[in-house]
Amino acid sequence: MRKWQTRCLQGAFITILAAGLVPFIGAGKTYAAESSCIQCHTDEDMLEENLSAVIAKGSAMTSGAG
Amino acid sequence: MAPLGPAEKVLVSENFLETDHGEVECENCHGGNPAEKTKEAAHKDFDAHPSINNPEKACGECHEEIVATAKDSLHATLSTFITVLKSRSDMNKWHEIDEARKGHCFSCHTSCGGCHVSRPKFAKKGFIDGHNFQKRSDPFNQCTACHGSRVGHEYYGTRGQGDVHVAKYDMDCVSCHEAKEMHAAAPADLKGRYHLPEMVNCEDCHKGLENGSVREHSNHIGKVQCQICHSQTYVNCYSCHTGKDAEGLRYFQNQKETEGMKIALNYDKEEPNQTAKYILVRHEPSDLEVFDFYVKDAFTNFGNTPTWKRTSPHNIQRKTWQTANCNNCHGNRDLFLDKKDLLDYEIQANSKAIVPDNKVPKKKDKTMPINIDTSKVRTGMVVDAEWLHNNLAAVKVIDARSAADYEKGHIEGAVSLDPLKAGLRYSWEEENPMQLVADDVLVKIFGDHGLKADDHIVVYEKDGRNSGFLIWMLDYAGATNVSYLKGAIEGWHEAGYHVTTEKTVPTATTFGGKINAATVVDNNYVKANLDNNKVVVVDTRVIQQAKGLSKHAEAKRAGRIPGSVNLPLGALYMDNGALKTPVELLWMLKKYGITPDKTIVTTCNTGQLAGSAYFMLRYLGFDDVRVHNESWISWCAAN
């Protein structure tokens, strides 16, 4: 009887624990594809429309080989 | 290397998302706030260079072992700059010196990302393949994007013939410079980059040469550095000065750059794997006043470190002028570093490198003859500064540099005629772009510049190549006596002659002359002679274009004309309009099967390099030289 009770308690404990972990399944693995960054950075047309060339200004006094 | 557009620089490829690195959330490496709705908010605390700013977190979480050493590699720390600067410095002024170092010298460093994902910061950044990580660095977008002006130009033939390792064996940078060298940690006090134990050596691949079939190897190995015999001339820089301009932008200015070669005594036999008696040295641009803008009298110990430093040019050839004959080195005092090669303030610094007369190997009595016939060289096609100065009144002088350079100062009486801008070729918008304009238009332009076909015309510019190009066009138009100014404008300056800013306005005249149509051929001629062993098609483009690794921006595709011989134009010209001797050039051309008994057709992308090569071959005595005016851009569109 006592053995049966122990098994029931263990089973209930494991079931509750497993149920508690269900929302976290998959949460440890997030891909770049799911990042909102990617929505913009794979959209060539949007980038073309919204980005302009930043001309890095160099001194006209620079000469010769580096 | 074409510049990347702003969108192209940050456009992530869909393919990337399928790769291992695509499994990592962007913000894990770059920070930022992906949940935000605006660009500004999303990029707050964003790190575009995580491998520079935090390599252990960005790359080290997965590549722990590599990052542990790579974060301290020479690419990341440039530690030898610090060692050398400290050796020369008044350490009481180190704070100011180090600020200048950080502002100038340190601008070239890079880390994991600049070699595996994007163009380095120095090369204006941007993904080279949609953020895909490349195990093998890209030689054009990455390695030579920084190491371009010397190494890249030497290796791919912008200067010299290029390097046999790529020309014959398709080797790129990391074929020799493997990960174990690139990722190696450089100790903070590393004396010089050649002291890095992981540094690649020729002997790592070329083993047992002393027991091989080349007799000279057994005589020289262990005594001379391999590059002494197997490299071509290379560039030396002098007197770099740094500072900030009126807008606060940093700049550097080299006073002089010369192409040449010097052998020195090995001043540092502590270098691993390098105990040879003689080494090849290059003049580095250091100067007593290099940081004067930031701090005066910084280098009170300038004499501690040589300014002629061991070098390993990346322009290796199996056969070079040094291997052509023993006496090209033996007894050739000019090739060995002498006190007279040094400026006063650098004599002490190079005292261990100077080769005294009794250490210059003696001339050999018996050598194999070179057997090159120079009797046909058209010596009148080249004049020097002294000759021009003495004959200025008798010749027409053309300045073939840009109009802006002409305005800054030119030889008195010279007329400005930039062959790239004067309307001598059709524009990119017209039919037959970059080909010569109609004959009547061409001769009118020359006439408008005051030239007649029977004038003695002398052409000069900055490095000679455009002079050669213009000389071909004048030759085509029927000019009978055109010369090239040896040493170009720098040679004129060095000879001590003055320049003027007073513009010469030419009196328009009729050029006259008879079109020399035989100097130009079209695609049909080239196609018909592909298998003619009396006709050699010489592709004068750089090696990467001739190999199809890159292409001219206007070409429909990469590639080369079948059967053509690739001889980059850099093999024929030197920096600053200097010329190699005719015997050396003819010997080198023979190596490629380019001999005066054949019809030589020069080709390139647009006819410009081909025209420059035409002049040099004519000067060397070739009778039948023709320029493939249509060149690769037209050829690849038609074939």
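Two strands are taken to pair if DSSP finds at least two bridges between them. Strands themselves (E, at least two residues) and helices (H or I, at least four) are DSSP runs, numbered from the N terminus. By these criteria, strand 7 of chain B is joined by two bridges to strand 8 (residues 415-416) of chain B, and the two run parallel. Within this pairing, B:Asp399 stands opposite B:Ser416 of strand 8.

The structure is a predicted model, in which local features need pLDDT of at least 70, side-chain atom pairs count only at pLDDT 80 or more, and totals for chains, interfaces and linings use all residues. Residues are numbered from 1 along each chain as its sequence is written, while chains are lettered from A and ligands numbered from 1 in the order in which they are written. The model scores ipTM 0.78 and pTM 0.91. For chain B the mean pLDDT (the predictor's confidence in each residue, from 0 to 100) is 95, and 100% of the residues of chain B reach 70 or more.

Strand 7 of chain B (residues 396-399) also runs parallel to strand 9 (residues 456-460) of chain B, with four bridges joining them. Here B:Ile398 stands opposite B:Val459. Helix 20 (residues 403-408) of chain B, together with strands 7 and 8, makes a right-handed β-α-β unit: with the strands pointing away from the viewer, the path from the first strand over the helix to the second runs clockwise.

On the scale of the chain, an automatic or database domain assignment divides chain B into domain 1 (182-359), domain 2 (379-516) and domain 3 (518-638). The C-alpha centres of domain 1 and domain 2 of chain B lie 37 Å apart.

Chain A has three helices and zero strands. Of its 66 residues, 8% are buried.

The two chains meet through 26 residues of chain A and 28 residues of chain B, contact being defined by C-beta atoms, placed from the backbone, within 7 Å. On the chain A side, helix 2 (36-41) and helix 3 (44-50) are the elements that give two or more residues. Helix 2 of chain A gives the most, with four residues.

Key
Buried ≥ 20, exposed ≤ 12 C-beta atoms within 10 Å, placed from the backbone.
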